[in-house]
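Me: I would like to see how labels follow from cut-offs. Please show me the structure, and I will ask.

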Protein chains: 2
Amino acid sequence: MKFTIEKSNFLAGLNHVARVIAPNSLFEILKGIKLELNENVLVLKASDSLVSVEFSIDAYDDDKEIITIEEEGQVVLPSRNFIEIIRKAPTNLIEIETIDNNILVKSGKSEFNVKGYDANEYPEFPVISKEHSLTLDGKVFNDIIKETVFCTAPNDQRPILEGVNFTLNNKVLTATATDSYRLSRRQITLEEVADDKEFNLIIPRKALTYFQRMIEEGKDQVEIFYENNRIVLYYQNVVYTVLLISGNYPNTNKLIPTVFECTFVSNGRELFDAVDRVSLMSREDKDDIIKLIVKDNMLEISSQSKDLGSAVEEIKVESTLEEDVFEISVSGRYLKEAIYAIASEEIIVKFSGELTAFIVQPADYHRDIIELILPVRTY
Amino acid sequence: MKFTIEKSNFLAGLNHVARVIAPNSLFEILKGIKLELNENVLVLKASDSLVSVEFSIDAYDDDKEIITIEEEGQVVLPSRNFIEIIRKAPTNLIEIETIDNNILVKSGKSEFNVKGYDANEYPEFPVISKEHSLTLDGKVFNDIIKETVFCTAPNDQRPILEGVNFTLNNKVLTATATDSYRLSRRQITLEEVADDKEFNLIIPRKALTYFQRMIEEGKDQVEIFYENNRIVLYYQNVVYTVLLISGNYPNTNKLIPTVFECTFVSNGRELFDAVDRVSLMSREDKDDIIKLIVKDNMLEISSQSKDLGSAVEEIKVESTLEEDVFEISVSGRYLKEAIYAIASEEIIVKFSGELTAFIVQPADYHRDIIELILPVRTY
């Protein structure tokens, strides 16, 4: 393999795929990045077994030559050091040549001879059937991830809850995540999808957070091909293959209350800031408890810590309560994260009882999103 | 104690003094910040036993009222949480009131009751005699620290080498640091100082790096009062008291070579970048060895790693060598840090032998600074 490439294009590709690499991988070769140069395309590959990425760089960008190819071929390079070598290279054009498993890097008067891995030992990425697919707007997909992924269960609990459940039924795409103390559910109707198209997939958190970073701007379409145990996402010049979590995701619809004892509407930012301040006194306690009291269109938020002291704050809300007082205790962090995910100017909070899960939603229901939080028993 | 204070002024003071606090201090009360409000000045105090800081906020800044005082007094507050409470306070004016050791913080509709410490248990800061003092330009002092402190020995080696030695003799201020593998010495003549003023002090690294951050802009004068075992620095509205390292700093003058076998002059930036690149292949090895070969006005820099591969780079230099070749091995990091400290467009490197210490200096000698590095034996 021998080629000359524009530094910035090469570096962008290397950095993109390197993010998926697990530095402590059990498989030495998965600490590397595979380069494949064939038919005017350089493909950079990296994988952590769960998520595999292929980043393509065309030799020509319109009429501009990005890669000058002298000889096709493939090699696996050690990612960490190699990226710094390219980043620090003194010239804009970088010459790469392989001799067996060694990679020669020339840039101006600087020459590196980098030990690589045997390309034949690099695992083949699985091939997926292209029978079933769905196209989503990148921004919409990114939003759905942001709105749900924070509610997945931490590692080492129930593996099935470590992913987000994506289902499609009657044109409605539903994304659900829960750690069994709280739940986030976002729904969206996809008008252009056939009525009878259906799926039920659990995408692991790690793949979603990685993917979210990669499509941050989210200006293009994401094409998703799915099978029982894996999905493949096409986004711009990159292909991501993801192993899914297998098993049956619990049916969470029955958990969502429909009758409410007390509701209030509040400015989202004001409520977030007040909860943020009051939880300064609770966040170091295991349960991170803050107390909410609704009364006369006022919400009192308070916390009490044996070691640190106490905090209390009042904000004006529009409440459905008239003479009564409604009181509930909740994790400060869960409430903050729910308000943040709702990201709405006005939010509505709906309580069905002092010991049952309550709902946080946009007050104008402009997005079909539900955040559900279980209160904390304090007695 | 009861007062109202501008949020931004209070926060600046709290952040400034908090940086000195050791979060794992053995003395619980040293995790706190002491407030003393007397005679129209609020003083914030913090200490890690080695460095103690006093930050003063005047009640009036010209005609503008910064603090409205209702009652003088003192209290010790828990630094970490308290600073966040002030940072997140919703209003620009913050009301502070103490009740025993509790601190009430009011800002708009937000109220905190923070548990503090007993102010009587906070240690008194030592008082220094004002007999001996020296005034230095803040920027000059900052430069001297930057040029020397990186050569101090790491912790748990010879305690005396964990500081920078500052001496004054015949108007010449000398700052020296060495970890016994390399040395940095900066001298400056202070014309306005009396001929017979003398000192010999070892200021601990921790105090210098902390102080460096604090005077970063360095636009004012630093007034330094010194005694045998401590110094007190006055800078703007802040007073720093520092315990010195006791003992006799080694005489390092005899280590500096005066006869040279080979010297070269190079562009500082070019040399730094080349060494930076080549040491990508050596930096993970314990000795971090790069090899320098001077020949025919060319410098070849190379490195070799059993695991990673090799690197080589040539740069043009002006050398005093004619037909010979001069070869030496050196730690890549030490050489990079020396060039960085010299911070000169052109630098001169002076070798007295392949196994003896060599010198890095500004080629135009515009500052009296010497970086000395011991080579690495490779056989």
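**Labels and their cut-offs**

Reply: E322(A) sits in the loop between β24 (318-319) and β25 (326-331) of chain A. Strands here are DSSP runs (E, at least two residues), helices likewise (H or I, at least four), numbered from the N terminus. This is a predicted model: local features need pLDDT of at least 70, side-chain atom pairs count only at pLDDT 80 or more, and totals for chains, interfaces and linings use all residues. Residues are numbered from 1 along each chain as written, chains are lettered from A and ligands numbered from 1 in written order, and side-chain values use heavy atoms, without hydrogens and water.

Me: Why is E322(A) called exposed?

Reply: Exposed means over 50% relative accessible area, buried under 20%, partly exposed in between (1.4 Å probe, protein chains only). E322(A) has 68%, so E322(A) is exposed.

Me: What makes the pair of Y122(A) and F125(A) tilted?

Reply: Rings of Phe, Tyr and Trp (its six-membered ring) pair if their centres lie within 6.5 Å; planes under 30 degrees apart are stacked, over 60 edge-to-face, the rest tilted. Here the centres are 6.1 Å apart and the planes at 55°, so the pair is tilted.

Me: Why is the pair of F10(B) and F82(B) called edge-to-face?

Reply: Their centres are also 6.1 Å apart, but their planes stand at 80°, so the pair is edge-to-face. F10(B) lies in helix α1 (residues 7-18) and F82(B) in helix α2 (residues 79-87) of chain B, 72 residues apart.

Me: How do you know that F10(B) counts as buried?

Reply: F10(B) has 0% relative accessibility, so F10(B) is buried.
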